[in-house]
Amino acid sequence: VMIGAVMGERSGWILVDLDPKNNPAIYDEVDELGGLPMDAASERTPSGGRHYFLRWTPELAWIGNWNGKIWNGLDIKTTDGYAVVAPSQRTRSSRSKSNWVVGQYQWLTHAFERALELPDWVVERCRAYADRHTESDSSEPQRPQRERHDRYAEMWAEAALRDELAK
């Protein structure tokens, strides 16, 4: 069973997901850019990645759910997105994704009472991506058209239901 936590406006959290299976050098590259707060609430993913839970504010509402868009191996989850959280367990590798890794999510830091800010370098990269992918002439970046998460949510829900019924 996998547990999902809502990100963005409703929860007050924005997720930075580092995934070395998509970019083996992601940790070194992020450190060179300025790093992420090591004392932020965080968890380890089954693939060896890390989820960092940082403070969402209305000033960040223009940031979208961008998987690998601002940096290879770095995903952003915010309003309309979610994070799989510990103690979720991936029990099968028969998903359609060839890189699905079986294992358990594990909390590294439970520091949710200290909501830390998204580092400036992440905001700058998000702004650069948003500026390249909007049609607005405004000097303020606009959130690109919402990605089609509804379709993915339906696919996940159907797969979970099939898995449960097969037990």
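Accessible areas here come from the Shrake-Rupley method with a 1.4 Å probe, and for residues only the protein chains shown count as cover. By that method the accessible surface of the chain comes to about 9,800 Å², of which 48% belongs to carbon and sulfur atoms. The model is predicted: local features need pLDDT of at least 70, side-chain atom pairs count only at pLDDT 80 or more, and totals for chains, interfaces and linings use all residues. Residues are numbered from 1 along each chain as its sequence is written, and side-chain values use heavy atoms, with hydrogens and water left out.

**The whole chain**

Display the chain as a cartoon. It has 3 helices and 10 strands, where helices (H or I, at least four residues) and strands (E, at least two) are DSSP runs numbered from the N terminus. Read along the sequence, the pattern is β-β-α-β-β-β-β-β-β-β-β-α-α. Of the 167 residues, 40% count as buried; buried means under 20% relative accessible area, exposed over 50%, and partly exposed in between (1.4 Å probe, protein chains only). Among contacts (heavy atoms within 4.5 Å) between residues at least 6 apart in sequence, 69% join residues at least 24 apart.

**First selection: W13 and F112**

A search of the whole structure finds 5 aromatic pairs. Rings of Phe, Tyr and Trp (its six-membered ring) pair if their centres lie within 6.5 Å; planes under 30 degrees apart count as stacked, over 60 as edge-to-face and the rest as tilted. The ring centres of W13 and F112 are 5.1 Å apart and their planes stand at 85°, so this pair is edge-to-face. The pair links distant parts of the chain, 99 residues apart: W13 belongs to strand β2 (residues 13-18), and F112 to the loop between β10 (106-109) and α2 (120-132). W13 is buried, at 15% relative accessible area, whereas F112 is partly exposed, at 29%.

Because W66 lies in strand β5 (residues 66-71) and Y129 in helix α2, the pair ties together parts that are 63 residues apart in sequence. Both partners are buried: W66 has a relative accessible area of 3%, and Y129 one of 10%.

Keep W66 in view and turn to its strand. β5 and β6 pair in the antiparallel sense over 3 bridges; two strands pair if DSSP finds at least two bridges between them. W66 stands opposite I76 in β6. In the hairpin of these strands, which has 2 residues between them, G73 takes a positive phi near 90°.

Continue to the loop between β6 (74-77) and β7 (82-85), where T79 is found. T79 is buried, with a relative accessible area of 16%.
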